[in-house]
Amino acid sequence: MAKLYFKYGAMGSSKSAQALITKFNYEERNMSVWLIKPSVDTRDGADVIRSRIGLEARARIITPEESIAEAYRAAGRHDVIIADEAQFFTPEQIDELRELVDEEDLPVLCFGLRTDFQTHFFPGARRLMELADSLTEIKTVCDCGRKATVNARLDSAGRIVTEGSQVLLGGNDRYVAMCHRCWMRRIREQEMGL
């Protein structure tokens, strides 16, 4: 029986690498994968998913206005959908992924962030948390050794940023995964001028 999966983690937890490894595993068994990503994610090219360890593949880009269900049906039958950066899909698009699981008996594996740099849900991630049959945290660690749960945004001087738009693309130059304790400590130190 098909399920909707949400595999989430902080920045640097190997979400994209795991999505691409999962794609490889399906294709190794001669199964057809529909690999998708939201159009807002242009860091590695409009239609490229690339992991920090060098894995990459071309993906079908989905715009916020586009119907995922219609795009899937137009693309032809596949055995699985794998979605990277799923937090950037709209809640309505997540509903469509749920619909494809239910109506097409199609497994859908979504990989992405749960929260932004202010520890608030992304709308797509919130909807996935509400609808997914399976929730799996992909863990990574803070510099202190604790589990990292915060996607701390950095300015050009390496200071923690606590205000700004929810979406600002970047990699290791702009974000660092931290535990909540270290994140709060760094913010307090900055406020005190330390």
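**Questions about buried residues and salt bridges**

Me: Which are the buried residues of helix 4?
Reply: In helix 4, the buried residues are G124, A125, L128 and L131, and they lie on the same side of the helix because they cover an arc of only 135° around its axis. This arc is taken from the directions that run from the helix axis to the C-beta atoms. Strand 1, helix 3, strand 7 and strand 8 (134–137) are among the elements that cover these residues. The word buried stands for under 20% relative accessible area, exposed for over 50%, and partly exposed for what is in between (1.4 Å probe, protein chains only). Helices (H or I, at least four residues) and strands (E, at least two) are DSSP runs, numbered from the N terminus.

Me: How do you know where these values come from?
Reply: This is a predicted model, in which local features need pLDDT of at least 70 and side-chain atom pairs count only at pLDDT 80 or more, whereas totals for chains, interfaces and linings use all residues. Residues are numbered from 1 along each chain as its sequence is written, and side-chain values use heavy atoms, with hydrogens and water left out.

Me: Which residues touch the most other members of the largest nonpolar core?
Reply: That core has 33 residues, and those touching the most other members are L4, I36, I81, L97 and C110. At least two residues each are supplied by strand 1 (4–8), strand 2 (33–38), helix 2 (68–75), strand 6 (80–83), helix 3 (91–104), strand 7 (108–112) and helix 4 (123–131). There is also a second, separate core of 13 residues, which includes C142, A148, A177 and W183. What makes either set a core is that its members are buried Ala, Val, Leu, Ile, Met, Phe, Trp, Tyr or Cys residues joined through side-chain atoms within 4.5 Å.

Me: What is L4 in contact with, leaving aside its neighbours within four places in sequence?
Reply: The contacts of L4 include L97, C110, L128 and S134, where contact means heavy atoms within 4.5 Å. Seen from the other end, S134 touches L4, Y5 and F6, again not counting residues up to four places away in sequence. S134 is placed in strand 8, and its relative accessible area of 18% is the reason why it is called buried.

Me: Why does K23 count as buried?
Reply: K23 has a relative accessibility of 15%, and therefore it counts as buried. It is found in helix 1 (residues 15–28), and, apart from residues up to four places away in sequence, it touches V33, L35, A57 and I82.

Me: What makes the pair of K23 and E27 a salt bridge?
Reply: The term asks for a side-chain nitrogen of Lys or Arg within 4 Å of a carboxyl oxygen of Asp or Glu, and the side chains of K23 and E27 meet at 2.9 Å, N to O. The two are separated by about one helical turn, because they are 4 residues apart in helix 1. E27, with a relative accessible area of 33%, is partly exposed.

Me: How close are the N and O atoms of D102 and R98?
Reply: The closest N and O atoms of D102 and R98 are 2.7 Å apart, and the two form a salt bridge. These residues too are separated by about one helical turn, being 4 residues apart in helix 3. D102 counts as exposed at 52% relative accessibility, while R98, with a relative accessible area of 14%, is buried.

Me: Where do the side chains of E137 and K147 meet, and at what distance?
Reply: The side chains of E137 and K147 meet in a salt bridge at 2.9 Å, N to O. E137 lies in strand 8 and K147 in the loop between strand 8 and strand 9 (150–154), so the pair ties together parts that are 10 residues apart in sequence. E137 counts as partly exposed at 22% relative accessibility, and K147 is partly exposed with a relative accessible area of 38%.

Me: Is E85 buried or exposed?
Reply: E85 counts as buried, because its relative accessibility is 9%. It lies in the loop between strand 6 and helix 3, and it has a positive phi of about 55° although it is not a glycine.
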